[in-house]
Amino acid sequence: IGPGETVIVTIGYQQMAKYRDGEFALHFPMTIMPRYHPARPVSALDAEDRHGPMDDPRSRTWEENPRANVALNVDLQPGFTLAELKSPYHAINVDERGDHAYISLADGLIPADRDFVLRWRPYPEQTPVSSLFAETRDGEDYHLLMLLPPHYDYLDEVRQARELILVIDVSGSMAGPSIDQARLALLQALEELEPTDSFNILAFNHSVSALFDQARPATADNLAGARAFAQSLRADGGTEIAAAVQEALVASPSERIRQVLFLTDGSVGNEQEVFAQIRRRLGDSRLFTVGIGAAPNRYFMSRAARFGRGTYTSIGDSREVAERMSRLLTKLKYPVLTDLELQVSGDIDLWPRQIPDLYLGEPLLLAYKANAGAARLLVSGKAGQAGWSVSLPAPARGRDTGIARYYARQKIAALMDSRVDGREPEWIRQQVLPLALQHGLVSAFTSLVAVDRSPSRLQGEPLKAARLSNTLPAGAMQQRIFGYPATATDADLRLVFGATLILLALMYLALRKTGLARPC
């Protein structure tokens, strides 16, 4: 930075807003808490490796820094009529104009002493809500379709009869706490079955054992037998997961929606073989995976669920079983829309190609690139046994942002997964590389490196560095005054303690001279 010059740095990034229980939420970080560091590192080498002299957070200045004040503005396009828009930690002004809501801080410049959180929700709806966003970039049109499920108040109206196949791993790698967690999850899944559902249990290690010869109704007697079967399961033997997948994906004639739930640690090395098997045999089934244990094979289980048009859930401790299984089982119990299809008045490049179902409590996002003439979108599917459809006009020229990059991410992920279909690595590289470069994305074949070739300091001129002070998070000043937890210390706090002890010693000496204090 030359003398008298000002450098403005603009940082852009893309972040997905969280959606849970009918509410969207966006978190924007604005400060950090002081970090505790042991007074004596494990070793000098360890301390040097973890932070160099310029990176050591212990030397950071913490103060109320007026230069760290923040002005923040939000342009929100929710895609639906807002029922509620709030920021729980900051006062905001909201100006709603058309399909946009413009949000600013009511106090203007504010100290950056706490994270900014924005939450918004639609009005409770009895049917799915659809929104279409568009971005035109480099002369091409990109669209993002968002489907929101009905509100929880309308649970009974989206309830469907199911055929639930519960597959539990009882191989040797599941011995110990893992089999206990899997058994608890299995028993909880049985409790969520309705009389209109049918079910079966498959237990696998080096072979596959089935509770019934085929799925049976969830009657009291059948459920009692299933509980006894679950309690008898013990972990031993190898992990022949391919045989279990083959058995689980043999569909029986039924009008029920078919869901397969795998409870396993995924400790297998033949992932690609199993992925290909899922793609070949999935049919009308939906495959969901639940990772059990301290270190499940997340690579295998997340991709198996993606190939199976389902989701992946991780359970690492018995204390997590009830909460995580309850959330998953509630979703499985209420598939809102199934067999979804998209039709337009022109060709589209849609990702993912296999459209997942829409479930209660979470949105469905589908990104596509539209060719010229794709002016209207028809979305259709099944709501239970009834048909459902909605027609949406596409904007002539999209002014939204981030959609092209989201589309590219989805397409790159699908192209990388095409190895399962036998695609050659070089073909995948030729498809992914230009796409990643066009949209500025990191991939298996691209990285982002910035090279600055502008004039620099003269050779041999010393570098100068200065630290920027960081505003303390709200409430942290009280900790500095009244004390930190017993595991942490602070230099300012030690000075206060030291001064207090010196003052008490001086007072004691003065009292002894006056005779008011005597040794015990």
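Modeller: Among contacts in the protein chain (heavy atoms within 4.5 Å) between residues at least 6 apart in sequence, 71% join residues at least 24 apart. This is a predicted model, in which local features need pLDDT of at least 70 and side-chain atom pairs count only at pLDDT 80 or more, while totals for chains, interfaces and linings use all residues. Residues are numbered from 1 along each chain as its sequence is written, and side-chain values use heavy atoms, with hydrogens and water left out.

Of the chain's 520 residues, 41% count as buried, that is, under 20% relative accessible area, with exposed meaning over 50% and partly exposed in between (1.4 Å probe, protein chains only). The secondary structure amounts to 12 helices and 24 strands, taken as DSSP runs numbered from the N terminus (H or I, at least four residues, for helices; E, at least two, for strands).

Turning to the interior itself, a nonpolar core is a set of buried Ala, Val, Leu, Ile, Met, Phe, Trp, Tyr and Cys residues joined through side-chain atoms within 4.5 Å. The largest such core has 39 residues, and the members that touch the most others are Phe80, Leu85 and Trp120. Two or more residues each come from strand 4 (73-76), strand 5 (82-86), strand 7 (100-105), strand 9 (116-122), strand 10 (129-137), strand 11 (140-148), helix 9 (403-417) and helix 10 (425-439). Helix 9 gives the most to this core, contributing eight residues. Trp120, once residues up to four places away in sequence are set aside, touches Ala17, Glu23, Phe24, Ala25, Leu26, Leu76, Pro78, Phe80, Leu82, Glu84 and Leu85. There is also a second, separate core of 35 residues, whose members include Ile179, Phe212, Phe229 and Leu263.

Thr289 counts as buried because its relative accessibility is 3%. A polar atom of the Thr289 side chain lies 2.9 Å from the backbone oxygen of Met301. Beyond its neighbours within four places in sequence, Thr289 is in contact with Phe262, Met301, Ala304, Ala305, Thr311, Tyr312 and Thr313.

Definitions and conventions: A polar contact is a pair of N or O atoms within 3.5 Å; within protein, one must be able to donate a hydrogen and the other to accept it, and residues adjacent in sequence count only if both atoms are side-chain atoms.
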